[in-house]
Amino acid sequence: MLLAKYGKTLPLSLKARTLGRTSLESAKLVVEELRIPLSAEHYVQSLAEFQKGLWGDVALMPGAESLLGHVFRNRLPAALATSSTKASLERKTRVLAVQSLFAQFPITVCGDDPEVRGRGKPAPDLFLVAARRLNAQPSHCLVF
């Protein structure tokens, strides 16, 4: 593990605070809170290298395939909005089981999209960009 090299573990409470944030925002939190002797940028690079081999077993959440199948069969407007970087999303979705499903999204907005301006969740920026690209009013969108 990356943190083990520094005698650290990632407490669940800190992990919860990193979810949905951009890679850099998450890294800043982890580096500062755990006092790791790395820059946030170097932590992001190291973590990306470490994670490369982990995504082979990515599986969909229960019910996701059924729900998305319904959305696509009924041609409902849909976009994928994720705080993950484009490169990270591509690594995570290389698994054949999810690749074909994710390829059906006509619009994908990632955390490193220039229009998102580096603000991940809980900021609404990436969802607002996705809504705009769908030509949809944000108040008419379902986010899950």
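How much space lies in the second largest pocket?

Analyst: The model is a predicted one, in which local features need pLDDT of at least 70 and side-chain atom pairs count only at pLDDT 80 or more, while totals for chains, interfaces and linings use all residues. Residues are numbered from 1 along each chain as its sequence is written, and side-chain values use heavy atoms, without hydrogens or water.

The second largest pocket holds about 220 Å³ of space. A pocket here is an open set of points on a 1 Å grid over the protein atoms alone, where a 1.4 Å probe fits and protein lies on both sides within 12 Å along at least five of seven lines; the volume is the space filled by probe spheres set on these points, which are joined across faces, edges and corners. The lining consists of 13 residues, each with an atom within 4 Å of a point. Leu 80, Leu 89, Glu 90, Thr 93 and Thr 108 are those nearest the centre. Helix H5 (86-92), helix H6 (96-102) and strand S2 each supply at least two residues of the lining; helices (H or I, at least four residues) and strands (E, at least two) are DSSP runs numbered from the N terminus.

Asp 125 belongs to H7, which spans residues 125-133. Asp 125 counts as buried because its relative accessible area is 8%, where buried means under 20%, exposed over 50% and partly exposed in between (1.4 Å probe, protein chains only). Leaving aside residues up to four places away in sequence, Asp 125 touches Val 116, Arg 117 and Arg 119, contact being heavy atoms within 4.5 Å.

Beyond the helix, Asn 135 is found in the segment after H7. The phi of Asn 135 is near 60°, a positive value in a residue other than glycine. Most residues other than glycine have a negative phi. Asn 135 is classed as exposed because its relative accessible area is 74%.

Elsewhere, Arg 35 also has a positive phi, of about 55°, without being a glycine. Arg 35 sits in the loop between helix H2 (23-34) and helix H3, and it counts as exposed because its relative accessibility is 72%.
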